[in-house]
Amino acid sequence: MTSIPRRGLLAGAGSALLGLTLAGCDQVSRSPGVRATLARAEGLTMAAQRLILSRTALAREFTPADISPDFRANGSLRPAGTAYQTLVASNFADWRLEIGGLVERPLSLSLADLRTRPARTQITRHDCVEGWSSIGQWTGARLSALLEEAGLKPQANYIVFHCADRLDAFAEGDRGLYYESIDLVDAFHEQTILAYEMNGADLPVKHGAPLRLRVERQLGYKHAKYVMRIEAVESFAHIGGGQGGFWEDRGYEWYAGI
Amino acid sequence: MDDPINPARLRPRHSLVVRLTHWVNVLVLLVLLGSGLQIFNAHPALYWGHASTFAEPWVAMTAEPKGQGLAGYTQVGGLKVETTGLLGLSDGERRGFPAWATLPGYRSLAEGRRWHFFFAWLFVFNGLAYLAWGLASGHFRRDIAPRRAELSPRHLGREIRDHLALRFPHGRYNALQKLVYLAVIFGLLPLMVLSGLGMSPGVNAAWPWTFEMFGGRQSARTIHFLSALAIVAFVLVHIAMVVASGPLRQLRAMITGGEPPPPVSGAPS
């Protein structure tokens, strides 16, 4: 039978072609030009979403019955280093949130100070970029009130959140530290808070104690945990890898609304 | 009386717009499928409702110890089967779908998302161009909408028997084909976009109906996955039909436009 070797040849040629195509796809995926082109869609997505999203559009809020009993913790679960362990041991008594950069009046606030500032409680859905969701209740200080108290200078365009955790132990210098940034539209949104409580109790360590950002309407990695310092900047090009956040420096979108 | 030089008769089998949008869609759907599976692999489990119930996914692909090593498993509802080499575990690596099915082949959620969202825009623009042209040119009314007579049980029964016997009528499209195309063009493909938007936290805030219509973001993700499977099934049947009904003639027609089909007796031209 001649058809069998021919079929074998065809199958061989077919799988070789498939292999070449797949290797080609990976080659294409790694090319900087292709990466830059693909990244352009983010601008279109952000423009389209900002068109339909007014600053007042609120993320859906849920009822206490909807709260997830198994809210997943991701990223750092407990920052390493003695500085953070000391803070945990004293229940964050000596912890201060520094608010600086392009502000008129830099602030240094304890947890007790933050609890006296305008607060908001919301039950919202946390959407991880990996695809899962959990629902939790968050109570925290409204970022807009804190920024008004500090007084933003006119050049300030972005708010940067510097965190206590080093998520990439192998990165050089500051490159492994977690940080995030948002623009003023999101910073002044009603649901953007610095949460010190989760589900009615102090924020647990694995969820970012003592303070985590809640910037609803964006993906989970924007919600920086272990926030130590807030900096108002004109541009974030000089911070970390220059893309505006730990995951952004690793290829994820800065505008994480999708 | 039929006019022998009626221009409608001289229309090629497939118009230029149909051919262009068809082949753009082939490329776009391939990229969306591969990058979609890459994204799925970041959390190879599916749930219903607003939030994930991690202990009780309704679909999950996992790798678990078996004997000396690991084995891949796929669980759907109460059913769990070993799928080593394909789902859960392939090439010795824990992953939902294997490397050959994902874009890129190596593991990168960030790059998978970049491909997916870039090509999602192409998919939307291509689809809108096709829809606008299909409405304006009368393509939907003339070629895709079934005629009343075609929907009679007797006619449909005959077409089903003909299909099973691999006998295909030589008109433009037959009634079964029209019904499936209608369901895909106006049902499945828009559902893909809607369930995709249903997963976007930004769009969800502006338009809560995008996730409420599915019963939650996790339901939207599940529907997105199932719709993708349905598109894959459609494409497989579509290709099988092309192969069964004269692949070279069909391919040539979708590239060059092809010959105008012979008039169907009794049907207006």
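I count two residues as in contact if their C-beta atoms, placed from the backbone, lie within 7 Å. I keep in mind throughout that I am reading a predicted model.

**Entry: the contact between the chains**

With that cut-off I looked up who takes part, and I found that the contact takes 37 residues from chain A and 33 residues from chain B. Which helices of chain B each supply at least two residues of the side that touches chain A? I noted helix H2 (109-137), helix H6 (201-206) and helix H8 (217-244) of chain B, and I saw that H2(B) gives the largest share of that side, namely 8 residues. Sorting the side of chain B that touches chain A by class, I wrote down 21 nonpolar, 8 polar and 4 charged residues.

**Entry: strand S1 of chain A**

I then turned to strand S1 of chain A, residues 97-101, and asked which residues make up its covered face and which its uncovered one. Leu97(A), Ile99(A) and Gly101(A) form the covered face, while Glu98(A) and Gly100(A) form the uncovered face.

**Entry: the partners of S1(A)**

Next I followed the pairing of S1(A) with strand S2 of chain A, residues 107-109, where the two run antiparallel and are joined by 3 bridges; a hairpin of 5 residues connects S1(A) to S2(A). I also looked up strand S10 of chain A, residues 227-233, which pairs with S1(A) in the parallel sense over 4 bridges.

Finally I asked what the bridge partner of Ile99(A) is in S2(A), and I found Leu107(A) there, whereas in S10(A) the bridge partner of Ile99(A) is Ile230(A).

Note on methods
Residues numbered from 1 in each chain as written. Chains lettered and ligands numbered in written order. Predicted model: local features only at pLDDT ≥ 70, side-chain atom pairs only at ≥ 80, totals over all residues. Nonpolar A, V, L, I, M, F, W, Y, C, P; charged D, E, K, R; others polar. Buried ≥ 20, exposed ≤ 12 C-beta atoms within 10 Å, placed from the backbone. Pairing = 2+ DSSP bridges.
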